[in-house]
Amino acid sequence: MSTGTPMGGASESQARADELVDETTKPSRLRGLSEWWNHLPRVAQWGFLLIAVAAAFALPLVNIPLITTEPGNNWPLATAEMARYALVAIGLNVVVGQAGLLDLGYVGFFAVGAYVAALWTSPDSTMVHIPYLLTLPLAAMVTVVFGVLLGIPTLRLRGDYLAIVTLGFGEIIRLLATIIPALKGQVGFQQVGRPPGENADGNPVFANSEGAPWYWLTLTVIIVVMIALGNLERSRVGRNWIALREDEDAAEIMGVPTFRYKLWAFGIGAALGGGAGAIAAGQIGFVNNQRFDVQMSIMFLVAVVLGGQGNKFGAIIGGALVAYIPLRFTAIAEYKYLIFGAVLVVLMIFRPQGLFGKRPHLLTFERRAHKRIANLADAPTSAPAAKEAGQ
Amino acid sequence: MNQWITFDWEALGANFWSATVDGLTFGGIYALVALGYTLVYGVLNLINFAHSEVFIVGAYAIVFTLTSLGFGPSVPNLEWYAIAANLLLAVIFGMLASAVTAFIVERVAYKPLRAKGAPRLVFLISAIGMSFVIQYLIFVWRGPNPEPSVIMFENKAIFDIGGTLIYFDSILIVTAAILMMIVVDQFIRRTKLGRGIRAVAQDPDTATLMGVNRERIIISTFVIGGLLAGVAALFYVMKVPSGVLYLGGFLLGIKAFTAAVLGGIGNVRGALLGGLLLGLIGNYGQILLGSAQWTDVVCFVVLIIVLMVRPEGILGSNLGKVRA
């Protein structure tokens, strides 16, 4: 597969070099973009990222016709939901995309996070009350415990057991919320806490009807998480995840403690799901047993699969899309589960890598390796051979 | 009063024997559905996530057949053989509907992927997608409420053993489940198709080299699982008349799968043992903890414990190891 992009001498050799590194999981259209991106200097990359982040922060304020979800749904609230789905998708992507574990009960962790926020902040709860913002890390910690407790017996087993156990787990959390009296079933918890701060008119900044502040809060969390996960992926942990996703037996033989790293992925994924649940509880201001059903788990899975398993930027896009489409096209909202279920099947048959496939790339010394391969490719004789080898 | 979990040992003691009978009845239904999971797992080494929907489609077909024959929530005034004939007709339609669904699931969600040699995760995701699609097709068509119940006979107590009444449906369901299990077991052991299934379960490549048509074996396995799910659906309609709704398959599916794992997935006799045991455990747990919703929680905890202690299940898990 040739890229065939008309480029100058130096960049052409770099393009070849890129082919060495870059396998053909990407459509050629996107490849030009990723090449261009990979060969920008670090500073320029950060510059572009800053612009992108600024644009992302401005999203709830710019209400573009055709793109906006109004009049059907309030646009800032819609962006808050999109961001929340994106955060969930990033977390689930660690489990499904990075470590290759199919988790069909992710909503269970989301629910645990929401209940942690509710139990420790709502006046309906008899527990000790703490400030809302503290519940975010607390929710993450509690869900990690749940994730580890669920993971220890199941992660040693084959992947499909894990799928069905997690499917059961999600359902059990919902059932427990219904039948344990202290969790108040359908009555639920009102007035879940919110971050501090008031507007000039005395209304809280993080009112339940205001989407924008919640969006910004979620986006900030997403950025922190993305930086942390990016580092983690380039570390020993990330390399082990990839080894284990690509071939578990080979990874085990090469000395990767597969169980431990699966547990890592499961725990980190759980923590992010719990955090997202706590944010959702705060924004909606009400938690009961009604919104944590299996359907949500499947929607989270669709977000990851649609965006591209193993690609965390893809997960953000996938999560945002899964939230956005039913809000924007209210006429089809009723059929969203049907549509997204079909999307899963169709994607698996025709494009299992999703919109943005994971790009196999060198992790630790990527830039240095790029340069070195680029120099190699400059040598006239080795270039065609190298190109062949890359395919 | 305890705000979290209360145990009611007295209730369990008082209702122990009726709970046992009831548990075995549900266990029979679990066992029949579990067979579908077990057979497909034995052959493909994959969980057929859409099997729960295969089952519920059968239940819908049975309810539709019976309502269109004019039956409803009141017991019909007919001789027993007329009722039996109507039930037989209904179960044939149920089995057909389930088998066709299983066939479609295999053709849409499994076959194209097998042709491409896709990784396991891809199969699981496409199967779960398929299950979701069927669930919501039913939802869009029939709405969120269960179908109106159809009662075919007055459920009389047949025996009275030491104060415990044993009802007709319990006897029917448990007997039928055991009979079906024997039939399937003998089918796997003795027939040519059964030998093919065992061969593919043991080693698909060698089986193909030996002239076994693997594709045909796989599709037959799905269809057999579907037929059994259709029978289970009839008993489900009898036992839980108000349970025919779009989510009904999902909830039963998890329990049936647990039953299959408990007995040893891929093991036909294990499915029966696991189903009956799980029915008992679930029912005892439900009475002990005081609410029907605990059944699912208890079954799930059983699944986790089994996976921790003996992941290959009670009877061990390999369809290929069955001797003729």
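Student: Which way does H3(B) pass H4(B), and how is such a pair of helices described?

Tutor: Two packed helices are described by two quantities, the angle between their axes and the distance between those axes. This is a predicted model, and in it H3(B) passes H4(B) in a right-handed crossing. Helix H3 of chain B covers residues 51-68 and helix H4 of chain B covers residues 80-116; they pack at about 145 degrees, with axes 7 Å apart.

Student: Which residues in H3(B) and H4(B) meet?

Tutor: From H3(B), the residues in the contact include B:Val54, B:Phe55, B:Gly58 and B:Ile62. Among their counterparts in H4(B) are B:Leu89, B:Phe93, B:Gly94 and B:Val105. Sorted by class, this contact has 15 nonpolar, 6 polar and 1 charged residues.

Student: How does H3(B) pack with H9(B), and at what angle?

Tutor: Helix H9 of chain B spans residues 214-239, and its axis lies 8 Å from that of H3(B), at an angle of about 55 degrees. An angle between 35 and 65 degrees counts as oblique, so H3(B) and H9(B) are oblique to each other. Their crossing is right-handed. On the H3(B) side the contact includes B:His51, B:Val54, B:Phe55 and B:Val63, and on the H9(B) side it includes B:Gly225, B:Ala229, B:Ala232 and B:Tyr236. Here the division is 11 nonpolar, 5 polar and no charged residues.

Student: What are the angle and the axis distance for H11(B) and H12(B)?

Tutor: Helix H11 (residues 268-289) and helix H12 (residues 294-309) of chain B pack at about 130 degrees, their axes 8 Å apart. These two helices are therefore oblique to each other. H11(B) passes H12(B) in a right-handed crossing. Residues that meet there include B:Leu278, B:Ile281 and B:Gly285 in H11(B), with B:Trp294, B:Val298 and B:Val302 among those in H12(B). The contact has 7 nonpolar, 4 polar and no charged residues.

Student: How far apart are A:Ala315 and A:Ile90 in sequence and in space?

Tutor: They are 225 residues apart in sequence, yet their C-alpha atoms are 5.5 Å apart. Leaving aside residues up to four places away in sequence, A:Ala315 also touches A:Ala89, A:Asn93 and A:Val304, among others. As for chain A overall, 77% of its contacts with a separation of 6 or more join residues 24 or more positions apart.

Student: Which residues touch the most other members of the largest nonpolar core?

Tutor: That core has 218 residues, and the ones touching the most other members are A:Ala89, A:Phe300, B:Ala31 and B:Ala232. Beyond residues up to four places away in sequence, the contacts of A:Ala89 include A:Phe300, A:Ala303 and A:Ile316.

Student: How many residues does each chain give to the contact between chain A and chain B?

Tutor: Chain A gives 36 residues and chain B gives 38. On the chain A side, H6, H7, H12 and H14 each supply at least two residues. H7(A) has the largest share, 14 residues. By class, the chain A side divides into 28 nonpolar, 6 polar and 2 charged residues.

How values were computed
Residues numbered from 1 in each chain as written. Chains lettered and ligands numbered in written order. Predicted model: local features only at pLDDT ≥ 70, side-chain atom pairs only at ≥ 80, totals over all residues. Contact = placed C-beta atoms within 7 Å. Axes fitted to C-alpha atoms, helices over the stretch in contact; angles between N-to-C directions. Helix = DSSP H or I, 4+ residues; strand = E, 2+ residues; numbered from the N terminus. Left-handed = near helix turned anticlockwise from the far one by under 90°. Nonpolar A, V, L, I, M, F, W, Y, C, P; charged D, E, K, R; others polar. Parallel < 35°, antiparallel > 145°, perpendicular 65-115°, else oblique. Core = buried A, V, L, I, M, F, W, Y, C linked by C-beta atoms within 7 Å. Buried ≥ 20, exposed ≤ 12 C-beta atoms within 10 Å, placed from the backbone.
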